Amino acid sequence: MQLQMVGVWAMCLWEQMGQPNRVNLVELGPGRGTLMFDLLRGAAKFKSFTESLHVHLVECSPALQKLQHQNLKCMDEDSTSENVEKRAISTLAGTPVSWHAALEQVPSGIPTIIIAHEFYDALPVHQFQRASRGWCEKLVDVTEDSSFRYVLSPQATPATLFLMKRCKWAAAEELEKLGHIEVCPKAMELTNTIAKRIGSDGGGALIIDYGLNGVVSDSLQAIRKHKFVNIFDNPGTADLSAYVDFASVRHSAEEASGAEPCHLENVSVHGPITQSQFLGSLGINFRVEALLQNCTEEQAESLRTGYWRLVGDGEAPFWEGLDDQTPIGMGTRYLAMAIVNKKQGVPVPFQ
């Protein structure tokens, strides 16, 4: 449901862009390709939209690229020239698909729609701790018995520059009460790149992730098999993630839009709003009601719990199953933000 709503957003933006006949649709970190599968399958009947698209998946893992190729039901194009970029055609909607290791490798020059769904939270963060000598970066040290521990940097580190920038964007009273601060240089740089691309080529970007609209203190966590584990427990076997600092994302985009050349002044930032507000405004309630009209009781139960996880807040009040399986609503923990070219006006549903 949620991923189909992202497709609705992309189509609305394309409409606001004046229905250009050529568009780059870029997804950052597509995982198994589920979002793009839902988007292309849901949009297949809107031929003028799908025929304008060239899908670009920014993915550096060969194993995931292969999985995305399979899940998008791609067929490789025959190419006789070595210089021509290899690409495939997704049979879901007859759309060309290309893979790239970085956003910078996606061809520029035509309007671009960028989707970053649960991508920013996986970017590496730097943690700083307040000490008697000021803010010190937390570093990882190896003890005599070969285990890991945190230590504080004895002097300024390269990431200190990003800490200084983040503190400049925050109010003094916001910083006073914090003992820790997380900064994500990669998120700042990526947002800068996105804003520059949208400023020069037109289009927009949608960022959906769990996070805060302010300074993030200490959120880095390790998850293995859906359970939180110690960050130093068997490193490399757990997923690491951190809250996204949406205020920092906003400032990074606005900083890029205030820089030279002047086309970057065309960029505007909207949100963040909660995922619940985002999906509600795009009509997820009507979508769920339509699906409930024509399903079994088991499917209805699955729809209700899925809907609650997307737009609810906390534990589902209607749940009658096992306590440890109670659906937890993420509707207010996840936030949505759009960065768009001002020529398109204010994007749906941020009006």
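This is a predicted model: local features need pLDDT of at least 70, side-chain atom pairs count only at pLDDT 80 or more; totals for chains, interfaces and linings use all residues.
Local features need pLDDT of at least 70, side-chain atom pairs count only at pLDDT 80 or more, and totals for chains, interfaces and linings use all residues. Residues are numbered from 1 along each chain as its sequence is written, and side-chain values use heavy atoms, with hydrogens and water left out.

The largest nonpolar core holds 44 residues. A nonpolar core is a set of buried Ala, Val, Leu, Ile, Met, Phe, Trp, Tyr and Cys residues joined through side-chain atoms within 4.5 Å. Buried means under 20% relative accessible area, exposed over 50%, and partly exposed in between, for a 1.4 Å probe and protein chains only. Trp9, Ile113 and Phe278 touch the most other members of this core. Helix H1 (residues 2-16) gives the most to the core, with eight residues. Helices (H or I, at least four residues) and strands (E, at least two) are DSSP runs, numbered from the N terminus. Neighbours within four places in sequence aside, tryptophan 9 is in contact (heavy atoms within 4.5 Å) with Ile113, Ile115, Gly204, Ala205, Leu206, Phe278, Leu282, Ala338, Pro347, Val348, Pro349 and Phe350. A second, separate core has 27 residues, including Leu190, Ala205, Val269 and Ile339.

The largest pocket has a volume of about 2,000 Å³. Pockets were located on a 1 Å grid over the protein atoms alone; a pocket is an open set of points where a 1.4 Å probe fits, with protein on both sides within 12 Å along at least five of seven lines, and lining residues have an atom within 4 Å of a point. Grid points are joined across faces, edges and corners, and a volume is the space filled by probe spheres set on the points. The largest pocket is lined by 49 residues, and the closest to its centre are Glu118, Asp121, Ala122, Tyr210 and Ser241. Helix H7 (residues 185-201) gives the most to this lining, with four residues. By type, the lining divides into 24 nonpolar, 12 polar and 13 charged residues. Here Ala, Val, Leu, Ile, Met, Phe, Trp, Tyr, Cys and Pro count as nonpolar, Asp, Glu, Lys and Arg as charged, and the others, Gly among them, as polar.

The second largest pocket has a volume of about 460 Å³. Its lining has 29 residues, of which Val125, Tyr150, Leu220, Ile231 and Leu240 lie nearest its centre. Strands E7 (126-131), E8 (134-142), E9 (148-152), E12 (221-224) and E14 (239-241) each supply at least two lining residues. The largest share, four residues, comes from E8. This lining divides into 17 nonpolar, seven polar and five charged residues.

Seven aromatic pairs are found in the whole structure. Rings of Phe, Tyr and Trp (its six-membered ring) pair if their centres lie within 6.5 Å; planes under 30 degrees apart count as stacked, over 60 as edge-to-face and the rest as tilted. The rings of tryptophan 14 and phenylalanine 49 have centres 5.3 Å apart and planes at 65°, so the pair is edge-to-face. Tryptophan 14 lies in H1 and phenylalanine 49 in helix H3 (residues 47-50), so the pair ties together parts 35 residues apart in sequence. Both residues are buried. For phenylalanine 278 and phenylalanine 350, the ring centres are 6.2 Å apart and the planes at 50°, so the pair is tilted. Phenylalanine 278 lies in helix H9 (residues 275-281) and phenylalanine 350 in the segment after strand E19 (334-341), so this pair ties together parts 72 residues apart in sequence. Phenylalanine 278 counts as buried at 0% relative accessibility, and phenylalanine 350 counts as buried at 12%. Phe148, Tyr150 and Phe232 form one aromatic cluster.

Two cis peptide bonds are described next. One joins glycine 271 and proline 272, with omega about 10°. Proline 272 lies in strand E16 (residues 267-274). Another joins valine 348 and proline 349, with omega about -5°. Proline 349 lies in the segment after E19.

Lysine 73 has a positive phi of about 50° although it is not a glycine. Its place is the loop between helix H4 (62-71) and strand E3 (74-76), and at 45% relative accessibility lysine 73 counts as partly exposed. Lysine 225, also not a glycine, has a positive phi of about 50°. Lysine 225 is exposed, with a relative accessible area of 74%.
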